[in-house]
Amino acid sequence: MTATGFDPDAPIPGYYRMRLRSGGVFVAIRIWFGQPRDPLTGDLMDRSLRWQATANGNPIDLDRVWPQCAADPIDEREARHLVSLQRWGRETGHAALADPTRKLNPLSTPLQF
């Protein structure tokens, strides 16, 4: 996806995969340009359009993920799978899957497919 002349200062809307920490699980990054949502209610706010990002559906600072995530674009289906892995990790008590800022323990963390 990153072609010759890639500008790291100009985000490209889409879905990406990256780790939020060394040794952590992959998360789905979504980048888009649009109206921001109210952090409490989720309603669209009457504010100017801006670049935004989420990591597994949770708001994250765009500068934390762009342009690092640009190296690994994914489709929406793969993004939904990564989000469901985090949800499953919360339900089953697998801490590294539930919290992507934690380091994986290869002896206790199930394989990701």
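**Aromatic residues in a predicted model**

Let me start with Trp51, which lies in strand E3, residues 50–55, where strands (E, at least two residues) and helices (H or I, at least four) are DSSP runs numbered from the N terminus. This is a predicted model, in which local features need pLDDT of at least 70 and side-chain atom pairs count only at pLDDT 80 or more, while totals for chains, interfaces and linings use all residues. Residues are numbered from 1 along each chain as its sequence is written, and side-chain values use heavy atoms, with hydrogens and water left out.

Trp51 is partly exposed, with a relative accessible area of 32%; buried means under 20%, exposed over 50%, and partly exposed in between, with a 1.4 Å probe and protein chains only. Together with Phe33 and Leu49, Trp51 makes a nonpolar surface patch of about 300 Å².

Turning to the rings, a search of the whole structure finds two aromatic pairs. One of them is Tyr16 with Trp66, edge-to-face, at 5.7 Å centre to centre and with 70° between the planes; rings of Phe, Tyr and Trp (its six-membered ring) pair if their centres lie within 6.5 Å, and planes under 30 degrees apart count as stacked, over 60 as edge-to-face and the rest as tilted. Tyr16 lies in strand E1 (14–19) and Trp66 in the loop between helix H1 (62–65) and strand E5 (73–74), so the pair ties together parts that are 50 residues apart in sequence. Tyr16 counts as buried at 1% relative accessibility, and Trp66 counts as buried at 7%.

Methods. Patch = residues over 30% accessible without salt bridge, like charges linked within 9 Å, V, L, I, M, F, W, Y side chains within 5 Å. Areas by Shrake-Rupley, 256 points an atom, 1.4 Å probe, with all protein chains shown as cover. Salt bridge = Lys/Arg side-chain N within 4 Å of Asp/Glu carboxyl O.
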